Amino acid sequence: MQSIRVWDNFTRLYHISQLILLGLLWYSGDNADFELHFQCGFALAGLWITRIIWGFCGSDTSRFGHFIKSPWRVLKAWRSNLIVQPHQGHNPVGGYMVLALLGTLFLQIITGLFATDDVLAEGPLYAFVSESTVEFMDSLHASNFDILLILIAIHTLAGILHLIRGDNVIKAIITGKKKVPVKYAVTEHNFKSALLPTIVWLFVAAILYYLGMSYASY
């Protein structure tokens with residue numbers, strides 16, 4: 001077995017921050033704390049935007065091109081049972097789960113900009129659309145969150161199954177490293193500093209917060 005680096009520091013920060021923000025969004029929504037809900041929403045939006053940028057210019061294992069494969073290659077990996085082998089990053093099936101999570105998060109963030117509790121809280125774009133659009137977005141915001149929870153549960157279950165098989169992907173996202181058989185160890189990947197993407201995240205989130213909170217009601 002050889003210990004290898006699989007994730008850069010920003011990708012680790014992204015995963016942990018995303019989990020915390022989603023928990024706070026769930027809590028604040030259930031408890032009608034809409035000021036906190038909007039604050040966490042703008043922070044998550046900034047994080048999501050930064051992750052998309054990082055998917056094109058970040059570290060090797062964090063780039064979409066590294067783990068998004070053609071459907072044919074995914075099917076081949078599934079039939080050959082290659083997905084159970086240790087990977088430096090996401091395996092071919094996991095790559096599509098990442099896309100599903102990012103897409104669902106995007107929809108959750110966008111619909112939240114129009115949502116209302118029909119009492120006091122209104123998203124920053126509520127006043128710019130018709131009542132029917134608001135109703136549609138509000139309904140989609142609620143139902144999409146259930147889909148997001150299902151995807152998170154599947155993602156977590158997959159991590160547990162990998163752990164049972166000896167591929168500790170959960171520990172890897174915390175430490176950035178994991179142990180794999182020597183024949184699977186790849187060391188030539190390029191890992192970039194977390195400083196720039198973290199600054200971008202905070203900057204984008206601050207702009208969204210400044211603009212969004214001025215139009216939102218809570």
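Me: Why is histidine 141 counted as buried?

Reply: The relative accessibility of histidine 141 is 17%. Buried means under 20% relative accessible area, so histidine 141 counts as buried. This is a predicted model, and the value is computed from it. Histidine 141 has its place in helix α6.

Me: What does histidine 141 touch, and which side chain is joined to histidine 141 by a polar contact?

Reply: Not counting residues up to four places away in sequence, histidine 141 touches His37, Gln108, Thr111, Gly112 and Ala115. The side chain of threonine 111 is joined to that of histidine 141 by a polar contact of 2.9 Å. A polar contact requires a pair of N or O atoms within 3.5 Å, and the pair formed by histidine 141 and threonine 111 is at 2.9 Å.

Me: Why is histidine 155 called partly exposed?

Reply: Histidine 155 also has a place in helix α6. Its relative accessibility is 31%. Buried means under 20% and exposed over 50%, with partly exposed in between; histidine 155 therefore counts as partly exposed. With neighbours within four places in sequence left aside, histidine 155 is in contact with Met97 and Leu101.

Me: What makes glycine 166 exposed, and where does glycine 166 lie?

Reply: Glycine 166 has a relative accessible area of 53%. Exposed means over 50%, so glycine 166 is exposed. This glycine lies in the loop between α6 and α7 (169-175). Its C-alpha atom is separated by 25 Å from that of asparagine 190, 24 residues apart along the chain.

Me: How do you know that the span of α1 is close to the expected one?

Reply: Helix α1 covers residues 9-30, 22 residues in total, and reaches 32 Å from its first C-alpha to its last. The expectation at 1.5 Å a residue is 32 Å.

Me: Which residues of α1 are buried, and why are they said to be on the same side?

Reply: The buried residues of α1 are Phe10, Thr11, Tyr14, Ser17, Gln18, Leu21, Leu22, Leu25 and Ser28. They cover an arc of only 140° around the axis, and therefore they are on the same side of α1. They pack against α2 (34-57), α5 (92-112), α6 (131-164) and α8 (195-215). The face turned away from the buried side carries the exposed residues Leu19 and Asp30.

Me: What caps the N-terminal end of α1, and which residue with a positive phi follows α1?

Reply: The cap is aspartate 8, with a side-chain oxygen 3.0 Å from the backbone nitrogen of phenylalanine 10. The residue that follows α1 is alanine 32, with a positive phi near 55°.

Me: Why are α1 and α8 called roughly parallel?

Reply: The axes of α1 and α8 cross at roughly 30° and come within 9 Å. Angles under 35 degrees count as roughly parallel, and α1 and α8 are therefore roughly parallel to each other. Their contact is made by Phe10, Leu13, Ser17 and Leu21 of α1 with Pro197, Thr198 and Trp201 of α8.

Note on methods
Residues numbered from 1 in each chain as written. Predicted model: local features only at pLDDT ≥ 70, side-chain atom pairs only at ≥ 80, totals over all residues. Heavy atoms only, no water. Helix = DSSP H or I, 4+ residues; strand = E, 2+ residues; numbered from the N terminus. Expected span 1.5 Å × (residues − 1). Buried < 20%, exposed > 50% of the residue type's maximum accessible area, 1.4 Å probe, protein only. Arc of directions from axis to C-beta. Contact = heavy atoms within 4.5 Å. Polar contact = N/O pair within 3.5 Å; in protein donor to acceptor, adjacent residues only side chain to side chain. Axes fitted to C-alpha atoms, helices over the stretch in contact; angles between N-to-C directions. Parallel < 35°, antiparallel > 145°, perpendicular 65-115°, else oblique.
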